Amino acid sequence: DRWLGFELSRKLWDRFKIKTLSAGRVQTPVLGWIIERYRENKNKKTLLYIVLENGLEVVFENPSTLELILDKYKHGELKALVKDLREEVTEVQPLPPYTTDSPLKDAFTQLGLPVTEVMKLAQDLFESGLITYHRTDATTVSSVGLSVAKEYIETMNLGVSTPRTYWKEGAHECIRPVKPIDVNKLSQYIRIGLIKPSAKLTTSHLRLYDLIFRRFIASQLPSAKVLVQRYKVVVNGLEVDVDKNVEIIEPGFNKVFSIIRAGRRVTEGEYNIKHIEVKKIPA
């Protein structure tokens, strides 16, 4: 503060003529961050969204022939060409178990739960002995965790248990269920009194538990095998490479924690344009 803050504070006084302003090790970098974000937000890039007659959506960034494309589309003269099509089978690995930050995003996007509520729900689940400690940045799975997953996978005939420790240095392990009990069994056991949580569990508690449980079990299942189509789409001289999952050959972990979606196949050839949209977003 003495080396940096005092000098910057004086500059603020001179610039704004207000001697109550101050700068220091916190205010200065935060202010710099705000200025950088403001400048980035002023820099825009143009995205051209095009939907083909077969339902395929493609995006072109900063298209050089935008005006000509829009004019041709307006007069019904615009076509898209799909070429250089090839197919290959790829292997998709499961995601690691949750750490503190990752379920916050999933709980918001999938369950509609705000961050503060998610942490409160996780605290209740932890205090009730249903999940491991929820404040951790380690993905590590302990030997106990591996046993929990193996028992559930074998009991439910989900496939072959594929032990993965996801080792990462830290004081705690990943966020995982303490017992091989899915949300249906948990609800049943609570209802008949076999499990007595320390807090009254709501629907939101159970939905979060289900998310944590499925993510963990999926992390211990085999990888998925997916058929991918790779091709180029050309519109008025603009070209973009496209990779699309078109078939799940072996679901593996995806049958427990679905992150892979399969779209429709395409064939090479010329297509009409069904819809066009132009958007400007921060660069």
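Visitor: Which residues does Leu208 touch?

Guide: Contact means heavy atoms within 4.5 Å. Not counting residues up to four places away in sequence, Leu208 touches Ala107, Leu111, Val118, Leu121, Ala122 and Leu125. Keep in mind that this is a predicted model, where local features need pLDDT of at least 70 and side-chain atom pairs count only at pLDDT 80 or more, while totals for chains, interfaces and linings use all residues. Residues are numbered from 1 along each chain as its sequence is written, and side-chain values use heavy atoms, with hydrogens and water left out.

Visitor: How many residues does the largest nonpolar core have?

Guide: A nonpolar core is a set of buried Ala, Val, Leu, Ile, Met, Phe, Trp, Tyr and Cys residues joined through side-chain atoms within 4.5 Å. Buried means under 20% relative accessible area, exposed means over 50%, and partly exposed is in between (1.4 Å probe, protein chains only). Here the largest core has 43 residues, and Leu208, Tyr209 and Ile217 have the most contacts inside it. At least two of its residues come from each of helix 4 (102-111), helix 5 (115-127), helix 6 (143-155), helix 7 (183-192), helix 8 (203-218) and strand 4 (224-235). Helix 8 gives the largest share, 9 residues. Another core, of 21 residues, lies apart from this one and includes Ile50, Val58, Val233 and Ile276.

Visitor: How are those helices and strands defined?

Guide: They are DSSP runs numbered from the N terminus: helices are H or I with at least four residues, strands are E with at least two.

Visitor: Now the strands, please. Which strands pair with strand 4?

Guide: Two strands pair if DSSP finds at least two bridges between them. Strand 4 and strand 5 (residues 238-250) pair in the antiparallel sense over 11 bridges. Strand 3 (residues 79-92) is also antiparallel to strand 4, with 10 bridges joining them. Lys225 is a handy landmark: its bridge partner in strand 5 is Glu250, and Lys225 is itself the strand 4 partner of Glu91. At the hairpin of strands 4 and 5, Val235 stands opposite Leu238, 2 residues lie between the strands, and Asn236 in the turn has a positive phi of about 50°.

Visitor: Why is strand 4 largely enclosed by the rest of the structure?

Guide: Strand 4 is largely enclosed because 10 of its 12 residues are buried.

Visitor: What does strand 1 pair with?

Guide: Strand 1 runs antiparallel to strand 6 (residues 269-282), joined by 9 bridges, with Val51 partnered by His275. Strand 1 also pairs with strand 2 in the antiparallel sense over 5 bridges, and Ile50 has Val58 as its partner there. Their hairpin has 4 residues between the strands, where Gly55 takes a positive phi near 90°.

Visitor: How many salt bridges are there?

Guide: A salt bridge is a side-chain nitrogen of Lys or Arg within 4 Å of a carboxyl oxygen of Asp or Glu. The whole structure holds 14. One of them joins Glu61 and Lys45, with the closest N and O atoms 3.7 Å apart. Glu61 lies in strand 2 (residues 57-61) and Lys45 in strand 1 (residues 44-52), so this pair ties together parts that are 16 residues apart in sequence.
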